[in-house]
Amino acid sequence: MKKLIGPFSEILTLSGLALNGAINDDQLEVIRGGGVIVEGGKILATGDFEGLRLANPALSVEKVVGEQVLLPGFIDCHTHICFAGSRAKDYSLRIQGKTYLEIAKSGGGIWDSVTQTRATALSKLVELLKQRVQRHLTDGVTTIEIKSGYGLDVSNELKMLRAIKEVSLTTVADLVPTCLAAHLLPKDFEGSQTEYLDHVLADLLPLVKVEELADRVDIFIEESAFDRTASVPYLLAAKALGFEVTVHADQFTTSGLEVAIEVGAVSADHLEASTEREAALLKGSETVAVVLPGASLGLGMQYAPARKLLDAGACVAIASDWNPGSAPMGDLLMQAAVMSAAEKLSTAEVFAGLTFRAAKALSLKDRGTLTEGMLADMQAYPCSDYREILYHQGKIKPAIVWKNGTRI
């Protein structure tokens, strides 16, 4: 059904902004007293509400009451929300001063989540994932990337990806699955990094393709996971199988970002250890730099150098990294708002990083701005000035969320 939605105190269309580099707030298109015409789940027009109403007198109107600022729905392009169990013990040790690697070596870390997820039935994983997806949706996140990676064997990786697929059939949110079987070398695998990755290529990824469970492959390049030597041929082989590739890069040490650019990865995510040298590598690259402030908050470490990345000309997206270990909070807006103060990011840069730049990290071209032809994924905040949203550091949540033009 064709309809006009509004009026809104302000609409931030995010139209006309660059995919790469710095953005100033004075470049934002702000429509005051605006409205949006929607049909078939897509935006037909955005403009002055009264002008749209007078030009289309036969349209039904979905009335918006009170002060509301409209933004595109957020896109969380890096999460690990398909998991079971808790890592509260890890967090307790971390705030006592133990490091990420010390906790992992003592039996905590990713392997703890692997153990708990392996022991959980598919039906329970589905239930837990539905709850987390619904919470994100309520917070205005309408597209969510979700990784496997807590299975680390063929049957349990498939179980996770099947859980994501099952939930995708029951939620209005768009879920983008990623196979992260290369999260770390499983403790119960007898062989080298290369032998494990060859096993994934031969025995898991073909099944993922047959069942249409994911079109993306990720790998964690780090001292505690996989090195450059093993990673490059794995990623190139995954691309040859028809997968897009992305990389957990430069979280604690550098080299991952270089690999991501070398293999043509769609994104390089984390980058907390990246320096000006690494940032310069992104200039002119199609690889999106995805920064994850939730991991910095959870681990008590520095943020990725988002300001330097933007000034170097990178396309910078912002994601939650919601996971049971390093980023259990999962509040995308709060994380982005807090990081913006530390990294001196403009409001325009933050909202771009949560919308159309995050869409690029997932190779999605049909969302992220409130413009003609885009999906009508929208969220309205109960205020009259868009600057209030980051000012309150995530404490203002959307009052209304629309997915494909339908209010949820």
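Select Arg132 and Phe83 first: the charged end of Arg132 sits over the ring of Phe83, 3.6 Å from the ring centre. A charge sits over a ring here if NZ of Lys or CZ of Arg is within 6 Å of the ring centre and within 35 degrees of the ring normal. The model is predicted, so local features need pLDDT of at least 70 and side-chain atom pairs count only at pLDDT 80 or more, while totals for chains, interfaces and linings use all residues. Residues are numbered from 1 along each chain as its sequence is written, and side-chain values use heavy atoms, with hydrogens and water left out.

Next, select Lys209 and Phe243. Lys209 lies over the face of Phe243, at 4.7 Å from the ring centre.

Now turn to the ring pairs. Rings of Phe, Tyr and Trp (its six-membered ring) pair if their centres lie within 6.5 Å; planes under 30 degrees apart count as stacked, over 60 as edge-to-face and the rest as tilted. By this rule there are three aromatic pairs. Select Phe189 and Tyr196: their centres are 5.3 Å apart and their planes at 70 degrees, so this pair is edge-to-face.

Tyr196 lies in helix H7 (residues 193-210) and Phe226 in the loop between strand S9 (216-220) and helix H8 (228-240), so the pair ties together parts 30 residues apart in sequence. Helices (H or I, at least four residues) and strands (E, at least two) are DSSP runs, numbered from the N terminus.

Finally, show Phe189, Tyr196 and Phe226 together, a cluster linked by ring pairs. Colour by relative accessible area: buried is under 20%, exposed over 50%, partly exposed in between (1.4 Å probe, protein chains only). Tyr196 is buried at 2%, Phe226 is buried at 1%, and Phe189 is partly exposed at 24%.
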